Structures are given as C-alpha cells and as structure tokens.
Amino acid sequence: MEELPVEVIGEILSRVETARDIVLASATCRKWRQAFTKHLHTLSFNSNDLPGYGDLTSSRHEILITQTIFQTTGLQRLSILKYYDNDDDEFSASALVAWLMYTRETLRQLFYNVKTTPSINILELCGRQQQLEKLVLGHNSIIGVEPNFQRFPCLKSLSLGHVSISALDLNLLLAACPKIESLELVAPEILISDPQVTVELASSKLKNVYVEGISLDRFILEADSIERLHLKDCVLDVFELLGKGTLKHFEVDKVSIIHLEIGDTHENLEIVDISSFTIIWPNFHQMITRFTKLRRLRLWDIDFGEEDEIVDLETIAVCFPQLRSLSYDLKEWVLLHGLQGDINLENVVVVELRWTTLNDLFTHWVEGILNRCPNLQKLVIYGTVSGAKAREECQILANFTTSIVQLMRRFIHVDVQFEYE
C-alpha cells in the first residue's frame, strides 16, 4: 500500500460510499491525508449512514459537512441527502451557498435534497457551477427561472423530486439546459394559476424521460430525440408525445390515462412494457397496433373500464411480426377468448404468462402458446399463491403442476421456470 501513487489512493477514497468512512480512512497516514485533500473527487453525506444522526442539530451537521468539504481541493461529485423523519429539519441557506461557492470551479455532479431556510434560489447558485453535468434536487422550490441569466451549458441529467415549480418555470429550465439528455420528475408540486392543470415541455436533446407521481389534466412533451419514456403512478386526462420517430422504449406502470397520443414517434419502437394501466379501449387499440417493429411486449393488468376487450394472440402475431419476447396476463376474459386464430409467432423465443386465478383453461393456454411459438426457448409462468389454501385449491394447483410437467415432455427444448408470489 505504501507504494501506491497518491492519485490512486485518491481514486480509492472516492469510491468509498460515505464521507464518514473517507475521513476515517484518510487518517491512516500522511500520504492518505494528502490524497484526501488533493485528489478526492467524490463526497457523500447521507443521514442514514451517520450513527446518532438524530442526536445532532442541523447546525452541528452543517459544521461537519463544511469542515470536510473545505479540506478538499477538487470535488467533482457532491451528495448531501437527508431522509426525512422530521419535516422541521432544515439546513441554513448560508451553509449551502458556502458549499456551492467553494466547489464552483470543479463540481460536475450535485445531489441535494435537504430543505433550506430561508428560501433560496438554488438554480442561481447551481448556475455558477459551469462544469455541472448532473443535478439531482429534492425538497426545494424553484421560482422565477431566467434562461438568459441561469444557464447550464454542460448539464446532461436533471432530476427533480418533491420540488415545487410552475409549469412555465419547468419548461424554461429545460430551455436553459441546451445539452440535457435525461429528465426525471418525481412527485413534483406543479404550481398553477389556471384551473386546468397543463404542463408543456419541449427539448430537442432529451433522450430519456421518467415521470412519477403526478396528476394533470394535460401533459404535452415535445422531444425530437427521445428514446425512452417511463410513466409511473400517474393520473392524466391527456398525454401527448411529439417527436420524430426516435422512441425505442415505452414503459407504463400504475397509470391511468383517458387519452394517450404518441404521434409519429412509434416508427422505431422496439419495447413496450405495460402493467397496471387504465385506458379506454379504442385509444389503446388504435395506438398499439401501429407499433409494427416491436421486439418485446408486456401486457399485464390492463383495465379498459366497462369494455371486455383484449389484445388476442392473432392480433399480436399480425401486428408485431418481429416480436421476440411476449409477456401476457391471463385474466379470465383472456383465457376464454385470447387464443383466437391460428397464426404462429415465428420469432418469439421468450414467453411470460401470469395468472391470478388458476383454472383448467390455463394449461390449455400454455399448450396453445407452445404450439404457436415454434422457436420458443424459454417459458416463465408467474402466479399468485395465498398463504391459506383450502384443500380444493391445493388440488387445483397440484393438478396444474402435473399437467404442465406432462405437457413439457413434448417440448423438451423449452426451458420452463415458475415464479410464484
């Protein structure tokens, strides 16, 4: 260890997860201390990693952070995270100003989710970090974005969690980031002056967008370069995506949308992953049947309201000729009517089937899938098993297991797996 260059020691320390452990390690000898002060590029302060944190006042915690940061000379990544048990626990604005001003010449990544008092324009501070490439901000307010003065010329990734911001300021913030590629919005508080909650965002460089925990009347996203879109835990009346055919991955999880429109962005769509989704049938059917280049498709727990509609196997085979992976949720209506037609899924090599209520039709479905996928390599069966089972239910499960074992003797080339919860 004594022969290690001080630069290598600095790299080692930078890979240690918590600032507390870095400080302890740097006390080993003078060489490690030198590596800490001159070659450390990453520091992480996390309330969960500090024994006795709850016994420390905010001001004492500020002092510890300040003392540690001010001993370094080239920080590139700074993380200060607080997991809230007490909503009154806040840092002073003056401390945050000191940390960001001290690191303004070198900082490239900032993770900060601690409330500050008094309220402070954190964007104005971060705008002075001219090398900043990634900003993760939580539990703060963003008010009055001025793109002409608050510029982030190098920012590529922006994440806002539990942040209060107006729809206009959010769009202006994107405009202030000419190189932004990744946007993450988690439970933002959208400030509105209009009775209809509408958010319109536009960026020609965005490639990845993740939106979680929002409820809006209308959400319009204009992103000419978008490749991946993930919506989770959202309630939206209208969602529109405007793009130029670059979208490749579309994921929806626990979302309710009355009208979904992704325009001409579907031309190169390869992956659609949908679970726990509520939407009206005509809108969904019109949209999904245009995804002709799909290679992976998941359709789990989709609710079409009062309409008993399904995307049957024949529709899947006709609309998605390049499909290689299929995940299908076998509800009762699907079990009764989903095996329509006789067109094979020639290119499918992986199939995942899920049941919530087991009956004899499920085995019939498995056999139908095996017959229609001549090149199938892997079959995964998902099921839900409750803790308490009546004798009759246990017998159904036993009969199902026996029938699957017997069936798979005819398809020994297929790898079968079971996942129960």
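Here is a conversation about the labels and the values behind them.

Guide: Happy to! This is a predicted model, in which local features need pLDDT of at least 70 and side-chain atom pairs count only at pLDDT 80 or more, while totals for chains, interfaces and linings use all residues. Residues are numbered from 1 along each chain as its sequence is written, and side-chain values use heavy atoms, with hydrogens and water left out.

Visitor: What makes a stretch count as a helix or a strand here, and how many are there?

Guide: Both are DSSP runs numbered from the N terminus: helices are H or I with at least four residues, and strands are E with at least two. On that basis the protein has 12 helices and 22 strands.

Visitor: What makes Arg298 and Glu352 a salt bridge?

Guide: The term requires a side-chain nitrogen of Lys or Arg within 4 Å of a carboxyl oxygen of Asp or Glu. Arg298 and Glu352 meet at 3.6 Å, N to O, and the pair qualifies. Arg298 lies in strand β18 and Glu352 in strand β20 (residues 350–355), so the bridge ties together parts that are 54 residues apart in sequence. Salt bridges with shared partners also join Asp273, Arg298 and Glu352 into one network.

Visitor: Which parts does the bridge between Glu261 and Arg290 tie together?

Guide: Their side chains also meet at 3.6 Å, N to O. Glu261 is in strand β16 (residues 249–261) and Arg290 in the loop between α8 (281–288) and β18 (296–303), so parts 29 residues apart in sequence are tied together. Glu261, at 25% relative accessibility, is partly exposed, and so is Arg290 at 28%.

Visitor: How do you know that Arg15 and Glu11 form a salt bridge?

Guide: Their closest N and O atoms are 3.2 Å apart, and the pair is counted as a salt bridge. Arg15 has a relative accessible area of 65%, so it is exposed, whereas Glu11, at 30%, is partly exposed. In total, the structure holds 11 salt bridges.

Visitor: What makes Lys156, Lys179, Lys205 and Lys207 a positive surface patch?

Guide: Lys and Arg count as positive and Asp and Glu as negative, with His and the chain ends not counted. Patches consist of residues with over 30% relative accessible area and no salt bridge, where like charges are joined within 9 Å and nonpolar side chains (Val, Leu, Ile, Met, Phe, Trp, Tyr) within 5 Å. These four lysines form such a patch. Lys156 sits in the loop between β7 (141–142) and β8 (157–161), and its relative accessible area of 40% makes it partly exposed.

Visitor: Which peptide bond is cis, and where does its proline lie?

Guide: The bond from Thr117 to Pro118 is cis, with omega near -5 degrees. Pro118 lies in the loop between β5 (116–117) and α6 (122–126). For context, most peptide bonds are trans.

Definitions and conventions. Accessible areas come from the Shrake-Rupley method with a 1.4 Å probe; for residues, only the protein chains shown count as cover. The place of a charge is taken as NZ of Lys, CZ of Arg, CG of Asp or CD of Glu. Buried means under 20% relative accessible area, exposed over 50%, partly exposed in between (1.4 Å probe, protein chains only).
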